[in-house]
Structure formats: C-alpha cells, structure tokens
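Here are a few notes to read alongside the model. Keep the structure open while you go through them.

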Amino acid sequence: MIIHQFYDKGLAHGSYAVIRTGKMIVIDPARDPQPYYDFANMHDADIVGVIETHPHADFVSSHLEIHQTTGAVIYVSKLTGAGYPHESFDDGDVIKLNDIKLKAINTPGHSPDSICVLVEDENGYEKVLFTGDTLFVGDVGRPDLRENAGNITAKKEELARQMYHSTREKLMKLPHHVVVYPTHGPGSLCGKNISPDLQSSIGREIRENYALQLMDELTFVKTITEDQPFVPKYFGYDVELNKGGASSFNESIGNVLRIDSNAVLDKNILVIDTRPKPQFRNGHLKGAINLQDGEKFESWLGAILNPGEQFYIIAATAGDLDVMIKKAAKIGYEQYIKAALLAPDAATEKSLELDLDDFTAHSEKYTIVDVRNQNEANVGLLFNNSLHIPLPELRERVNEVPTSKPIVVHCAAGYRSAAASSIIEAALSATPVYDLGEAVLEIGKAEV
C-alpha cells in the first residue's frame with residue numbers, strides 16, 4: 001500500500017492518495033487535479049475513487065473534475081446533499097482496494113456532514129486515519145463555519161457538542177498506533193492551535209492535543225468556540241461551490257481575460273496589485289490595493305473581497321500573472337477576475353515615506369491604525385493610542401479612521417499593513433497615509 005501526502009502551504013491544505021495493486025483513491029483533492037493524475041501515472045495506477053470528508057470552506061476541490069475525467073466514483077456522506085454524481089459513504093460503508101479497506105466514520109463537529117476514513121490492511125490491522133477537518137495535529141476543527149452554509153446548518157454550540165462526542169466516542173477509542181493524516185496544517189483558518197507537524201497518531205493526540213484532554217462537555221464547548229480565527233468572506237461561498245462541484249480548473253483559468261497593460265480600465269472595478277511592496281509604492285494605479293503575492297495570498301484575497309465582486313489583477317510579469325490567476329482559482333475567485341494585466345504606464349501614484357525619527361519621537365501626532373487580527377490585539381496593542389480594525393473588516397470600516405492627523409498603519413510583519421495602507425489611501429485620499437511596515441515590532445515595544 002502506498003500513501004502519499006500532497007501539501008499546499010498557501011492554504012495549509014493536505015490531500016492524499018492511497019494506492020493498492022494499481023488502483024488509487026484520492027482524498028480531499030485541491031482545485032488543480034494534475035498532481036493526482038501525475039502521481040497515478042508514476043505508479044501505473046488508475047484513479048477509481050475520490051473521497052470528500054466534507055464540503056470544504058477554505059478551498060475549492062477538484063472532486064467533480066476528477067470524476068468527469070477518469071470516471072472515478074465520488075464518495076461523500078449522504079448528509080452533504082451533494083449536487084454531483086456520488087455514492088454515499090457513512091458509518092459502516094467500506095471501499096475495497098483489493099485486500100485493504102477504507103471505512104467511513106461519521107464524525108460531525110467541524111461540520112454536520114464530516115467523516116473520517118479509517119484504513120485497514122489485508123489482516124484487518126487498523127493503520128491510518130484520514131481525519132479531514134475533524135482532528136488536526138494539536139487541535140480539532142472549528143465548529144463555527146456552518147451556521148449559514150451547506151446542506152445542513154447548525155449553531156456552533158451544537159456542532160461543538162457533536163465534536164465532543166465524535167472525538168470521545170469514536171476517534172479516541174481507536175488504537176493508539178493509528179497514524180493521523182489531517183486535511184490542514186499550521187496556518188489554516190480551520191483551527192486555532194494547529195501544530196507544525198503534518199501527521200500524528202491517535203496516541204499522541206490523546207496525550208498532547210488540548211481538545212482531547214479530560215473535560216466535561218460544557219467545558220469543551222466553551223474551549224473550542226472561543227478565540228477562533230476570523231472567518232474570511234469566501235468560506236460560505238466555497239462550501240456551496242463544493243457542494244455542487246466546481247468547473248474544470250484549466251478551462252476556468254483559461255477563460256480569464258488577459259488584456260494589454262495600457263487598456264482602459266473600468267474605474268468602478270477594484271484593482272488588486274500583487275507586485276512586491278517596493279514596486280507598488282514606487283508607482284501604482286490610483287485606488288489599487290497592494291495584496292502581494294505570498295504564501296497566504298489566497299486567504300487574504302478571499303478575506304478582503306466579497307464573493308461575486310469583480311476585480312482586475314496586476315502582476316509584474318506574465319509568469320507571475322499566471323501564478324496569481326491559479327491562486328485565485330484555488331478559492332473559486334478566478335471567475336470574478338474582470339481582466340488580468342501587467343503594470344500599466346499609468347501606474348504613477350507613489351506612496352508616502354514615513355519619517356521614522358519623527359514618528360518615534362512624536363507618535364501622538366499621528367493616527368495609528370492596527371490591522372492585526374482580533375486574537376493578536378487581545379494580547380495587547382503595540383501602541384497605546386492606536387485604533388484597532390482587523391484587515392478583513394477594513395474596507396467596510398475605513399470611515400471610522402479619523403482624518404485630522406496623518407495616518408500610520410501597522411500589523412505584525414508588514415504584509416497586512418501594505419494592503420491596509422493602500423485601502424485607506426484609496427478611501428481617504430486627502431489625508432497622508434504611511435505604512436510602518438517591518439519596523440513595527442521594534443518601535444511598538446518602545447511605545448508600550
């Protein structure tokens with residue numbers, strides 16, 4: 001038996017292939033199916049099945065495309081209400097790959113329709129558990145993403161109670177040696193305490209995972225419902241898209257219009273400029289948002305823009321532009337790209353440079369905007385007189401920023417402040433706006 005993990009750092013997403021005697025099952029595939037085809041070809045295997053552990057909120061899956069291309073059967077819980085051809089896969093259901101078995105375990109908690117997949121070898125020995133978003137290394141899946149999305153909606157407290165019973169009555173009763181393969185790793189917004197490790201074991205999780213320690217149901221519910229990360233705007237949209245099945249990856253990205261860099265743009269449509277901050281600051285289109293290419297670009301794109309909101313996308317090179325379109329497609333946003341282009345000659349707006357000495361000596365002369373996440377701000381503000389507005393909320397709340405003094409924006413390392421300062425600059429153009437950038441930690445400590 002061959003088990004292979006495919007890992008996408010951008011979305012902290014793990015998907016899997018299981019091969020036995022020339023047959024392959026794919027679990028929780030990413031939007032681009034090509035890596036699974038390549039892996040199957042490498043091992044002279046046929047893809048015969050795709051398992052979805054639940055309708056994913058944070059990425060678009062290629063399960064339907066793989067089915068349409070290879071004829072593989074899609075297996076998913078009957079509770080999903082899937083709008084694509086599938087076979088139900090719930091408690092007691094088994095997929096056989098010659099002499100090994102993949103067994104479904106219903107584990108509601110992260111979502112009402114979540115399943116885990118237990119693999120037994122030819123001797124009935126329980127070897128591996130694919131846990132989807134139910135159990136991570138060091139955490140369990142957050143229960144607050146299905147209150148308004150999916151075939152079955154449920155309040156977070158109800159799902160947290162279900163997670164308590166799924167972990168205690170099903171997963172924690174498995175043998176301690178069983179290897180745990182989750183669908184997400186560190187940095188995922190589907191949990192709040194995910195370990196850097198990409199696999200574990202049932203025994204290790206029982207010993208070390210805070211959510212699996214001895215506690216009553218009420219304490220568990222309180223523990224896993226508080227201090228969760230923000231929910232990006234695209235999450236509910238992706239649940240519904242995955243429930244119906246997404247269009248072909250290559251066809252969809254091929255449909256994105258590429259235009260000449262100096263084409264006339266619609267002034268009512270947002271511009272996302274993905275170039276590095278120094279290039280953007282040296283010359284950009286008026287009103288553009290500097291959302292730089294980086295490991296978390298997809299999540300921030302879907303956190304700042306609403307599903308259905310059209311946008312132009314700018315990159316420094318044609319190759320970069322292709323990469324950014326593919327990243328947008330990971331969350332299903334490629335269809336909202338009005339057009340893609342390289343930086344135009346009219347990109348001449350320059351960002352202001354902060355006089356760091358003056359700011360350090362006289363920070364009271366500035367309106368300081370902290371755009372870190374709520375859980376970061378809860379630990380403490382870096383500047384006592386700062387205004388806290390998390391980046392995902394900034395476009396809707398930008399009018400809360402006072403304009404009586406120059407504005408300085410900071411986050412923790414500079415990526416979010418680059419986006420935030422460009423948002424504020426576009427909305428409040430009459431007031432000077434500065435990006436404090438990477439100096440924030442050093443200066444901030446001096447100010448607290």
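1. Let's begin with a term: a salt bridge here is a side-chain nitrogen of Lys or Arg within 4 Å of a carboxyl oxygen of Asp or Glu. Do bear in mind that this is a predicted model, where local features need pLDDT of at least 70, side-chain atom pairs count only at pLDDT 80 or more, and totals for chains, interfaces and linings use all residues. Residues are numbered from 1 along each chain as its sequence is written, and side-chain values use heavy atoms, with hydrogens and water left out.

2. Take a look at Arg 258 and Asp 322, whose side chains meet in a salt bridge (3.1 Å, N to O). Arg 258 sits in the loop between α7 (249-254) and β15 (270-273) and Asp 322 in helix α10 (residues 318-330), so the pair ties together parts that are 64 residues apart in sequence. Helices (H or I, at least four residues) and strands (E, at least two) are DSSP runs, numbered from the N terminus.

3. Another pair is Arg 416 with Glu 376, at 2.7 Å from N to O. Arg 416 belongs to helix α14 (residues 415-427) and Glu 376 to helix α12 (residues 374-379), 40 residues apart. Arg 416 counts as buried at 11% relative accessibility, while Glu 376, at 22%, counts as partly exposed. Buried means under 20% relative accessible area, exposed over 50%, and partly exposed in between (1.4 Å probe, protein chains only).

4. How many salt bridges does the count come to? The count is 24. Asp 8, Glu 298 and Lys 330 are linked in a network of them.

5. Now for strand β3 (residues 23-27), where 4 of the 5 residues are buried. Two strands pair if DSSP finds at least two bridges between them. Strand β2 (residues 13-20) pairs with β3 in the antiparallel sense over 5 bridges, and Ala 17 has Val 26 as its bridge partner in β3. In the β2-β3 hairpin, with 2 residues between the strands, Thr 21 takes a positive phi near 45°.

6. β3 also pairs with strand β4 (residues 46-51), this time in the parallel sense, over 5 bridges. There, Ile 25 stands opposite Gly 49 in β4.

7. Cys 116 is buried, with a relative accessible area of 0%.
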